[in-house]
Amino acid sequence: MKKYIKFLMTGGLLILSVGCKKDLSLVNKSAYTYDTYFTSDAAINQAVIATYAGLLHDGLWAREYYYIFDFLGYDAKNNQPLQGDLLQVAQYALTPDQVEVNELWSSLYQLIARANVVINRAQAWTPANATETADQTQYIAEAKFLRAYAYFQLVNCYGRVPMPTTFIPLPTPAEINLSRSPVASIWALIEQDLQDAEKGLPVTYATANFGRATLGAATALLGKSYLYEKKWAQAQTELTKLTIAPFSYALAPVYNDLFDDPNQDNTTKNPETIFQVMNQQWTDWGIGNQYYVFGGQETWGGKATHSARAQEYGFNDWSNTYITTTAVKAFTYPNPQNSAVNYVDPRAAYTFYGDAASGGQTQYCQQCSTGPIAFPFATKGYMWLKYEYYNKVASFGGPTSGINGQVIRYADVLLMLAEAYIQQGNTGTQPLALINQVRSRPSVNAVAYTSLGSQTDAMAILMRERQLELTGEQSRYFDLIRWGIAKQTINAERQIEDGTQPFQDRNLLFPIPLSEKNANPNVAKDISGDWN
């Protein structure tokens, strides 16, 4: 993103005129208002960038997002240092006033509010030349992509939710207290926003604007949306676009370059990323307080953006989580070519630290001046390698990871496309080739499948491939929910690992936050069982 990022807005980006004391008929003509500020290319661009900043707010990608969905998808489990509200998430002890549930909801709506401002003001702006006209189209498309992303999260987590689509500077109570919209209406808006975004986004950007949504990002999220809606043919059509010109996506030659290198936007090195949450390497936000992720949002201690995940998950740092034994065991399965037992998938060594039998990485600090160090905690449990720097340093010293958060990458697209084929009854050469393409990445070279078998067998293979390829990427919870197998899968895995069955029927959706219920009477009267 551009280096002169300025956060102009908080909450819904209200900029109100300021009157002089006592005489309300006099207006400070030098003060900006909602109508007068957003009248230039630079101002609207800053508003767009402030919308992207919402991705780093509480409940989202700076910190809570990975905890929420790694725990709920049972890729991760808590270690003893983890306490408080995050421990509630690990135990499925969600409540309407649970902190992370409320933060996720609030930050997604703040992102929507900012996107609505951009759309409203950019449409009202009169560009001065052809360059500004092109920028206007791009800015609106970016805002619609980000709004679609927020509603995608909301509809999948909460189901029916209020659906504001415009920004009103001084709204009436009726305009504030919207009722919950039907799920079908929310999906329709997501589809329309992404179709509109496709018409206005470029295929690539110059280096200074890396991280902004591209045509590929809109296409990928639209294809993913169709998949989640079980519109298999439309998903196939949309996702196929990403495999041909004008796109040039490819699997990163080295798997872990995606998760341990701040220079992830070098497209020669990493042609796989389709959309990611940007961190220190490509912005100037990293100059602020490194602890802003613990409640400071974008303004505490100055501008800052980074993920705390490396520090918090790191075995030689805060060590708040383990990778679950369930996730580790999934990497050992029958050989795809001869059905011999105990084939260990090579991706294990890029995903977790453990013992040799598990396939996990047994050394760290391979690039340190001291040379490799044997992983010392194999008897305690399996620890995270993905999204860590331990090949480069022995310990971090602060929650300032510049590793970008992968939102959608090409391997995910290939597996979604394979699923779209399989769900339509096609288990032949097309989905087989897509799955094997992911498995045959040069640094992985997993044994290829020779066939996928029946539709049931093919889906089982696809499900495992998504689990292995995307472990620790906040995907599995959404997959299990949309496949309709979350309760039985999670409870069976937890019963084996810790003797509990915490997933209840109501966990298929998050509880509507208590703060929303208390503030919005139209939502309050539409909540069943004090949950959703």
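Begin by selecting α2 and α5: α2 passes α5 in a left-handed crossing, where left-handed means that the near helix is turned anticlockwise from the far one by less than a right angle, and right-handed that it is turned clockwise. Helices (H or I, at least four residues) and strands (E, at least two) are DSSP runs, numbered from the N terminus. This is a predicted model, in which local features need pLDDT of at least 70 and side-chain atom pairs count only at pLDDT 80 or more, while totals for chains, interfaces and linings use all residues. Residues are numbered from 1 along each chain as its sequence is written, and side-chain values use heavy atoms, with hydrogens and water left out.

**Stop 1: α2 on α5**

Select residues 41–53 for α2 and 99–124 for α5; their axes come within 8 Å and cross at roughly 165°. Axes here are lines fitted to C-alpha atoms, for helices over the stretch in contact, and angles run from 0 to 180 degrees between N-to-C directions. The angle makes α2 roughly antiparallel to α5 (under 35 degrees is roughly parallel, over 145 roughly antiparallel, 65 to 115 roughly perpendicular, the rest oblique). Now show side chains: I44, A47, V48, A50, T51 and A53 of α2 meet L111, R114, A115, V118, R121 and A122 of α5, contact meaning heavy atoms within 4.5 Å. By class, this contact has 9 nonpolar, 1 polar and 2 charged residues. Ala, Val, Leu, Ile, Met, Phe, Trp, Tyr, Cys and Pro count as nonpolar, Asp, Glu, Lys and Arg as charged, and the others, Gly among them, as polar.

**Stop 2: α5 on α6**

The contact of α5 with α6 holds 20 nonpolar, 4 polar and 2 charged residues.

**Stop 3: α17 on α18**

Move to residues 455–469 (α17) and 476–483 (α18), which pack at an angle of about 160° with their axes 10 Å apart. That makes α17 roughly antiparallel to α18. α17 passes α18 in a left-handed crossing. On the α17 side, pick M459, L462, M463, R466 and Q467; on the α18 side, pick R476, D479, R482 and W483. These contact residues divide into 4 nonpolar, 1 polar and 4 charged.

**Stop 4: the cavities**

A cavity is a set of points on a 1 Å grid over the protein atoms alone where a 1.4 Å probe fits but cannot get out, and lining residues have an atom within 4 Å of a point. Grid points are joined across faces, edges and corners, and a volume is the space filled by probe spheres set on the points. The count comes to 4 cavities of 30 Å³ or more.

Which residues lie nearest the centre of the largest cavity? Select K224, V407, D412, E473 and Q474, from a lining of 20 residues. The volume of this cavity is about 220 Å³. The lining divides into 10 nonpolar, 4 polar and 6 charged residues.

For the second largest cavity, of about 130 Å³, centre the view on W61, Y66, S307, Y387 and G405, which lie nearest its centre among 14 lining residues. That lining has 7 nonpolar, 6 polar and 1 charged residues.

**Stop 5: two backbone details**

Select K230 in the loop between α9 and α10. K230 has a positive phi of about 65° although it is not a glycine. Then go to P246, in the loop between α10 (232–241) and α11 (257–260). The peptide bond from A245 to P246 is cis, with omega near 15°.

Conventions
1 Å grid on protein atoms, 1.4 Å probe; cavity = no way out; pocket = protein on both sides within 12 Å on 5 of 7 lines; lining within 4 Å.
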